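Please look over the sequence and the structure, then read the points below.

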Amino acid sequence: MKMINSAMRLLRNSKLSTLTLLLGAFTLLAVSACSKPVEKESHSSEQAAAAQGETIALTTYKSATCGCCQLWVNHANQQGFAVDAQNVDDLNGIKDRFGIAPQFQSCHTSVSDNNFVFEGHVPAKFVRQFLQNPPANARGLAVPAMPLGSPGMEVGDRFTPYEILLLHKDGGHSVYARIENAQQQF
């Protein structure tokens, strides 16, 4: 948290170009990325568990030093998921394994028992909603980058609206949900 505040002060007080900021953000994401491939057709038992509000298992691949990843794991556990958090050294390798393209990456990757992927700070509410009724040809959901105020990225009452993207098996994407305020996440 101190690092984020220091970086924000530095950015306010400096005259860095937009390009430099973007390059820095992409570099940060590249360093802390994680992922894994998906492609299983049978999802019925997971759909039934999600529909009944039962505990759903997720494996979350993250860095051991990432505090926001652990906060997201806590969020998912509090929302009724059973999260097996796996600290890994090669998050980029995980993301490659699960086919998460760079533009969809965030700091952690979660995978359901039936190989649906949930990249980044996707609210547990939407993970459960997705698993209750997975859209045809869907691989999972992603919240690219790390939007302020998303689960695990809380900073006081600050909030940045964001989109939850639906990842398609063909590599494309569409908007699954638009989150305009923090209350929509729960």
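Is Ala145 buried, partly exposed or exposed? Ala145 is partly exposed, because its relative accessible area is 32%, a value that falls between the 20% limit for buried and the 50% limit for exposed. The model is a predicted one. The points below go from the whole chain to its cores, its cysteines and some loop residues.

**Overall layout**

- The chain contains six helices and seven strands.
- Starting at the N terminus, the order of these elements is α-α-α-β-α-β-α-β-β-α-β-β-β.
- The chain has 186 residues, and 43% of them count as buried.
- Among contacts in the chain with a separation of 6 or more, 65% are between residues 24 or more positions apart.
- The accessible surface of the chain is about 9600 Å², and carbon and sulfur atoms account for 54% of this surface.

**Nonpolar cores**

- The largest nonpolar core has 23 residues, and the members that touch the most other members are Phe81, Phe118, Phe130, Leu131, Leu141 and Ile164.
- At least two residues of this core come from each of these elements: strand E1 (56-62), helix H4 (67-78), strand E2 (81-87), H6, E5, E6 and strand E7 (173-179).
- Helix H6 gives the largest share of this core, with five residues.
- Leaving aside residues up to four places away in sequence, Phe81 touches Thr55, Ile56, Leu58, Ala76, Ala124, Val127, Arg128 and Leu131.
- There is also a second, separate core of 12 residues, and its members include Phe98, Ile100, Val111 and Val117.

**Cysteines**

- The number of disulfides in the structure is zero.
- Cys68 takes part in no disulfide, and the nearest cysteine sulfur, which belongs to Cys66, is 3.4 Å away.
- Cys66 is buried, since its relative accessible area is 16%.
- Cys68 is buried as well, with a relative accessible area of 13%.

**Loop residues with positive phi**

- Ala145 is located in the loop between E5 and strand E6 (162-168).
- The phi angle of Ala145 is near 65°, which is a positive value in a residue other than glycine.
- Asn137 belongs to the loop between helix H6 (124-132) and strand E5 (138-143).
- Asn137 is also a residue other than glycine with a positive phi, here near 60°.
- Asn137 counts as exposed because its relative accessible area is 55%, and the limit for exposed is over 50%.

- Glu154 sits in the loop between E5 and E6.
- With a relative accessibility of 42%, Glu154 is classed as partly exposed.
- The side chain of Glu154 reaches the backbone nitrogen of Gly152 at 2.9 Å.

Definitions and conventions: Residues are numbered from 1 along each chain as its sequence is written. This is a predicted model: local features need pLDDT of at least 70, side-chain atom pairs count only at pLDDT 80 or more; totals for chains, interfaces and linings use all residues. Side-chain values use heavy atoms; hydrogens and water are left out. Helices (H or I, at least four residues) and strands (E, at least two) are DSSP runs, numbered from the N terminus. Buried means under 20% relative accessible area, exposed over 50%, partly exposed in between (1.4 Å probe, protein chains only). A nonpolar core is a set of buried Ala, Val, Leu, Ile, Met, Phe, Trp, Tyr and Cys residues joined through side-chain atoms within 4.5 Å. Contact means heavy atoms within 4.5 Å. A polar contact is a pair of N or O atoms within 3.5 Å; within protein, one must be able to donate a hydrogen and the other to accept it, and residues adjacent in sequence count only if both atoms are side-chain atoms. A disulfide is a pair of cysteine sulfur atoms within 2.5 Å. Accessible areas come from the Shrake-Rupley method with a 1.4 Å probe; for residues, only the protein chains shown count as cover.
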